[in-house]
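Biologist: I have a model open on my screen. Could you show me how to read it?

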Amino acid sequence: MAEYWIYLIPVAAIGYLLWSRRSASSTDVKALIGRGAQIVDVRTKGEFRTASHPKAINIPADQLDERSKELDPGRPVLLCCDSGSRSGFAVSILKRKGFKEVHNLGSWRRIARHLMAAGILDAAAPILEDLAE
């Protein structure tokens, strides 16, 4: 059992670092949205169809390298996924492509909370869920 700890600790540390790289407060999100930020959900198409933020566009993480041309590098990008791991990875892809303002907000639900706290999204706004039915 002890030999597994040697593998678990580095994996947990990397996961924590990706998770902790989330950035931007509600005030920051409001300012970024005011400057035309693009909300990009990097989950799979199936995950996005099941539940998503109404203002987000879907570019799955495994397609982001090729599809980054669909985004404006002059505007801020707010990345989200289910937990923050894939969007943390997506930050590095977009920065390598020359994007300057890229923020990992973690879960797409977190973006909704930020937008509600900033007064941009009404609490009654629909969260697109169960569209796959």
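This is a predicted model: local features need pLDDT of at least 70, side-chain atom pairs count only at pLDDT 80 or more; totals for chains, interfaces and linings use all residues.

Biologist: In what order do the strands of the open sheet come?

Modeller: Strands of a sheet pair through backbone hydrogen bonds, parallel or antiparallel. Helices (H or I, at least four residues) and strands (E, at least two) are DSSP runs, numbered from the N terminus, and two strands pair if DSSP finds at least two bridges between them. Here four strands follow the order S3-S1-S4-S5, with parallel pairing. S3 (57-58) and S5 (102-107) are at the edges with a single partner strand each, so one side of each has no neighbour in the sheet. S1 (residues 38-41) and S3 run parallel, joined by two bridges, and Val 40 sits opposite Ile 57 in S3.

Biologist: Which strands does helix H6 touch?

Modeller: Contact means heavy atoms within 4.5 Å. H6 (residues 108-117) packs on the sheet and touches S1, S4 and S5. Its buried residues (under 20% relative accessible area, 1.4 Å probe, protein chains only) include Trp 108, Ile 111 and Leu 115. After H6 comes Gly 119, with a positive phi near 80°.

Biologist: Is Ala 51 buried or exposed?

Modeller: Ala 51, in strand S2 (residues 51-52), counts as buried at 9% relative accessibility. Between Ala 51 and Arg 109 there are 9.4 Å in space, C-alpha to C-alpha, though they are 58 residues apart in sequence.

How values were computed:
Residues are numbered from 1 along each chain as its sequence is written. Side-chain values use heavy atoms; hydrogens and water are left out. Axes are lines fitted to C-alpha atoms, for helices over the stretch in contact, and angles run from 0 to 180 degrees between N-to-C directions. Buried means under 20% relative accessible area, exposed over 50%, partly exposed in between (1.4 Å probe, protein chains only).
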